[in-house]
Amino acid sequence: MALFNSIFTWVMKKRIHQIELFQKYPYEVQTELMGALVKKGSKTVYGLTHKFSEIKNFRSFQEQIPIQSYQDLFPYIDRIMYGEQNVLWPSEIKWFAKSSGTTNARSKFIPVSNEALQDCHIKGGKDLLSIYFNNYEKTKMFTGKSLVIGGSRQVNQLSQKSNSFYGDVSAVLLSNLPWWAQLVRTPSLDIALMDEWEKKLEKMMQSCIEENVTSISGVPTWTMVLLEKILKEKKVASILDIWPNLEVFFHGAVAFGPYEHQFKRLIPSNEMHYIETYNASEGFFGIQDQVNSKDLLLMLDYGIFYEFIPFDQIQEEQPKALDISQVKINQIYALLITTNAGLWRYNIGDTIIFTSINPHRIRIIGRTKHFINAFGEELMISNAEKAMSVACLKTNAEISNFTAGPRYLEKNKKGGHEWVVEFQRPPDDLERFTLILDEVLREINSDYDAKRYKDLALLAPVVYPVAAGVFHSWMKSRGKLGGQNKVPRLANDRLYLDEILALIGHPNLQYN
């Protein structure tokens, strides 16, 4: 495996020069890409309907193609799922990434073309390795196996005529990885694609526990569950007792901050690396490319054309979107994408800020529909995760999951926020934990602080600790267990809060 490691290290690092080129010429790369996508899609059903032949520049691109939600594109996607082709994209579509449907109650089925697989998702995985090898030249990652914690695949039964499949984006990728990637990963594909998550975790543990695992890829929440299960099975305190050569965890889908302390407990090594990616059902967007920074390099040559909606225009029906040359640092933008799978000016529901524009690096702030603004406090997911991380650190606590929402104004009662938290390890003092949570939110969010001033508009938060397994049961009851299904962190209503409180028989419900 040592020779294998050396060869792959050399091959992967050849890509660095191309990455440096799009960093140097971002506008030119993106403008050329926009033209290529329009030309490719011009004779599709969607392209003919929106007169792609009349698009000559960015201005006419925006004039001819309206900003789209999933609901807007669904009639076209539905046709593809029933076997029709050349609807949104000219090449054959036979794969669909099933997202968790966090923007509404239903799942979403995102078309995945061969171009999106090869030139976006798989290319993103290769670049992740290229950047990692470039930053850590002494890596021995390919001397062992990569533990990949993915989703599940299911046959799409909507049409007897269509040979199409759907699953979590991770499962779609696992089913289409190149031979060399299949060679170095664990567990076997039949286990990796199981769709019954409780049995799957057991099988994964038994399959990988004796392997020489050098890297892990997955969502922090499910990875943590698996690691804890392995420690219990082997009766050891550290994962390094089982996998002494483990060197990196590639993670994404949910923020790592609230779980970082727990991973460092499970893997007590200063040589362990944690690398974040921004990989969604719709595409692979960003990679943490610097050793001493958690900012994500926006990948500009993956067949995705980006636009950015300023935060103050997000609620408008057709806001003015900016191209890569017009963005500014430290401004919140909603992300629009046009992809090589036929998502045209698609609002994916994520918000970001640019931390740098030379090159373009970003941080994920939250979701356009996942925030709390019941009292004008504009609380974003990034605020909540930062405050939760600090509160855990200062009270010696560890969390498994949390969600929060508003408690609305009632007669003679002021409003506030309520948090349901499942602790892996409870805080030394829950009251102090809540106080720190509030203090950090006030420190990092001036709107929240203003509403909390002397309790005039917003009372101090209330935290409800729940027993281990409550969020697991809740997600299972919603049909959203496993894979890349994520617990919604914030909501501007009480739907999630009251569902969980009702599940545990808590009296403090406030149905609306």
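These legends accompany close-up views of a predicted model.

The model is predicted, with local features needing pLDDT of at least 70 and side-chain atom pairs counting only at pLDDT 80 or more, while totals for chains, interfaces and linings use all residues. Residues are numbered from 1 along each chain as its sequence is written, and side-chain values use heavy atoms, with hydrogens and water left out.

**View A. Helix H2 has buried residues on one face.** Let's start with H2, which covers residues 16-24; helices (H or I, at least four residues) and strands (E, at least two) are DSSP runs, numbered from the N terminus. Ile16, Ile19, Phe22 and Gln23 are buried here, where buried means under 20% relative accessible area, exposed over 50% and partly exposed in between (1.4 Å probe, protein chains only). Seen down the axis of H2, these buried residues fall within an arc of 125°, so they line one face of the helix; the arc is that of the directions from the helix axis to the C-beta atoms. His17 and Lys24, on the other side of H2, are exposed.

**View B. Aspartate 127 and arginine 15 meet in a salt bridge.** A salt bridge here is a side-chain nitrogen of Lys or Arg within 4 Å of a carboxyl oxygen of Asp or Glu. For this pair the N to O distance is 2.8 Å. Aspartate 127 lies in helix H7 (residues 114-135) and arginine 15 in the loop between helix H1 (2-13) and H2, so the pair ties together parts that are 112 residues apart in sequence. Both aspartate 127 and arginine 15 are buried. Look around them and you will find a network of salt bridges linking Arg15, Lys123, Asp127 and Asp301. By this rule, the count comes to 25 salt bridges.

**View C. Aspartate 295 forms a salt bridge with arginine 363.** Their closest N and O atoms are 2.4 Å apart. The pair links distant parts of the chain, 68 residues apart: aspartate 295 is in the loop between strand S10 (283-288) and strand S11 (296-298), and arginine 363 is in strand S15 (residues 360-367). Aspartate 295 counts as buried at 11% relative accessibility, whereas arginine 363, at 42%, counts as partly exposed.

**View D. Strands S16, S17 and S18 form an open sheet.** The order is S16-S17-S18, with mixed pairing; two strands pair if DSSP finds at least two bridges between them. Strand S16 (398-407) and strand S18 (462-466) are the edge strands, each pairing on one side only. From one strand to the next, the twist averages 20°. S16 and strand S17 (residues 416-425) pair in the antiparallel sense over nine bridges. Helix H14 (residues 381-395) lies across S16 and S17, running at about 130° to S16. Axes are lines fitted to C-alpha atoms, for helices over the stretch in contact, and angles run from 0 to 180 degrees between N-to-C directions.

**View E. Leucine 458 is buried in a loop.** This loop runs between helix H16 (446-452) and S18. The relative accessible area of leucine 458 is 0%. Its C-alpha atom is separated by 5.1 Å from that of glycine 416, 42 residues apart along the chain. Not counting residues up to four places away in sequence, leucine 458 touches Phe375, Gly415, Gly416, His417, Tyr448, Lys451 and Arg452, where contact means heavy atoms within 4.5 Å.
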